[in-house]
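Hi,

Here is the structure I promised to pass on. Have a look at it first, and then read my notes below.

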Amino acid sequence: MIWLNQLLQGILLGGYYALMAAGLSFLFGVMRVINLAHGSLAVLAAFLLLMIDHWLGVSPFIGLWLMLPIMALIGMVFQLGILERSLSGGPLIPLLATFGVSLLLDNILFAIFGANTQSFAPDIGSLSYGSWAIGHSIDISQLDALIFATALVLLVGMHLLLTRSQLGRMIRATAIDAEAASLSGLDPRRVRVVASVMAMIMIGVAGAALGMRSSFEPYAGGAQLIYAFEAVVIGGTGSLWGTLIGGIMLGIAQNMGATINPHLSQISGHVVFLLVLLVRMRMGSLRLGNFLRKRMRPSVVSA
Amino acid sequence: MSLLEVAGLTAGHGLLVACQNISFSLEAGEVLALVGANGAGKTTLLRSLAGAHRPSQGQISFAGANITGLPAHRRTALGIALVPEGRRLFTDMTVLENLQIARAAKRTGDWDLASVLDALPQLKSILTRRAGEISGGQQQATAIGRALMTNPRLLLLDELSLGLSPIAVEGVYAVLPRLIEAGIAIILVEQDLRRAMATAHRLICMLEGQIMVQGPSGSLTREAVTAAYFGLNRQAA
């Protein structure tokens, strides 16, 4: 029974990782950018929510509706000021630029808020500790269930938007071939701004979840980036469904590891990540041979 | 006033000059064939007209407006559509989605999904298939359909027959008379001289980035164009 409980807790934890990874996965899928500022931006969102809550004296669930538009605005500035400029410089430049942003954000947050850890747990009442008991040995945290449901709704919603709407088609077309998209009447720059805004809203929701389920401090972004990155890679890069699966696999691995020995929690997740990476490099699309073959295949296919 | 006027257009890739001092004009509804050997600068010229390539010199006017500095999507909105070399379809998307995407140009006119499928009936049975999985001829038809969905006044067709089997080429070319009848001006890059001269009202032959010969299709002999194509009698030209 303890294993079943740990499996269930792992799945719920995976919902949080998937939520944290959604924005990273989306931005990579649309722009082929690995946003190293991802974790720092989530922490920034959490601090924004903290400020709003303190100034207005509202609950984080209300403050969220003010924080998300601010994150959207930050997404616009981030896209036009940094990503758009660095995209044309090859794959390394966006990596370095977003790394620079993460350092900048971390230290600005430290300068303003100091090293104290913060949390929304005291502000959300019984939700932070409330749980539903199933039988004798299984407890489902209400907050974890809420976060899992949010991740599910967000990822399913994004999937539907990408596959069923004209905006989704525009985002996918720009991701596949920006020039061909432009020749079909789309402004790739504008589409990318919209995509970046959407990613930033997802990051905002993830930042709120981070502050509710645990604590955060200015340098907490690095760890969040690593979890998000691992979830994206385990699930397969650029696929939103994969991100959900990847998050759940990471959550299960960590919880199973912790059941064996509490010290094994983190390392179990990393080991699963590395194993999946190795298997993918040998068999999947990440395999170097396949990659080269794909690259070298002539673009003109005979009828 | 001509629909398209190109004056002194020079474009290149880095130090390489692909086309040099190109000037010509095109009337509404006119069909112009652009012929020339590989590397003559045809594709660069077409891409410069569509806004996918930035020329270093010269001016492009469309319907009386200077469009030289406009990006591709703004030109598409004005009614210029390019069917690019190699098709450049959105391969992970369905044929239907490839067609629908061109609605982003927000141009209304005779061409909608129904009329495009009527003109390209070979697409009807493959609408739900991914564009990366269909045959080359079907891909080319999809690329033409996508361009038509923007309701162009000027259609730029870059080597429609490239990499296609002779039967597939016939299937793709079957749509041309209908487009000409609809009054769309067309610039057609074509390697097949016979086909180019039969289809187009006017012909331009390029060599090494320059126009060697141009004139109405009827007034040019095959020999004259062939000579220009290969750069024979270069002094005379």
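Predicted model: local features only at pLDDT ≥ 70, side-chain atom pairs only at ≥ 80, totals over all residues.

Residues are numbered from 1 along each chain as its sequence is written, and chains are lettered from A and ligands numbered from 1 in the order in which they are written.

Chain A has twelve helices and two strands (DSSP runs numbered from the N terminus: H or I of at least four residues for helices, E of at least two for strands). Starting at the N terminus, its elements go α-α-α-α-β-β-α-α-α-α-α-α-α-α. The radius of gyration of chain A is 20 Å, close to the 19 Å from the globule rule for 303 residues, so chain A is as compact as a globular protein of that length (the radius is taken over C-alpha atoms, and the rule is 2.2 Å times the number of residues to the power 0.38). The C-alpha trace of chain A spans about 65 × 45 × 35 Å along its principal axes.

Over in chain B, there's an open sheet of four strands in the order β2-β1-β4-β5, with antiparallel pairing (strands pair if DSSP finds at least two bridges between them). β2 (16–26) and β5 (65–66) of chain B are at the edges with a single partner strand each, so one side of each has no neighbour in the sheet. Strand β1 (residues 4–13) of chain B is joined to β2(B) by seven bridges, and the two run antiparallel. Leu4(B) sits opposite Leu26(B) in β2(B).

Now, how do the chains meet? On the chain A side, 20 residues are in contact with 33 residues of chain B (contact means C-beta atoms, placed from the backbone, within 7 Å). α6 (166–176) and α7 (178–183) of chain A each supply at least two residues of that side, and α6(A) gives the largest share, six residues. By class, the side of chain A that touches chain B has nine nonpolar, six polar and five charged residues (Ala, Val, Leu, Ile, Met, Phe, Trp, Tyr, Cys and Pro are nonpolar, Asp, Glu, Lys and Arg charged, and the others, Gly among them, polar).

Cheers

Notes
Contact = placed C-beta atoms within 7 Å.
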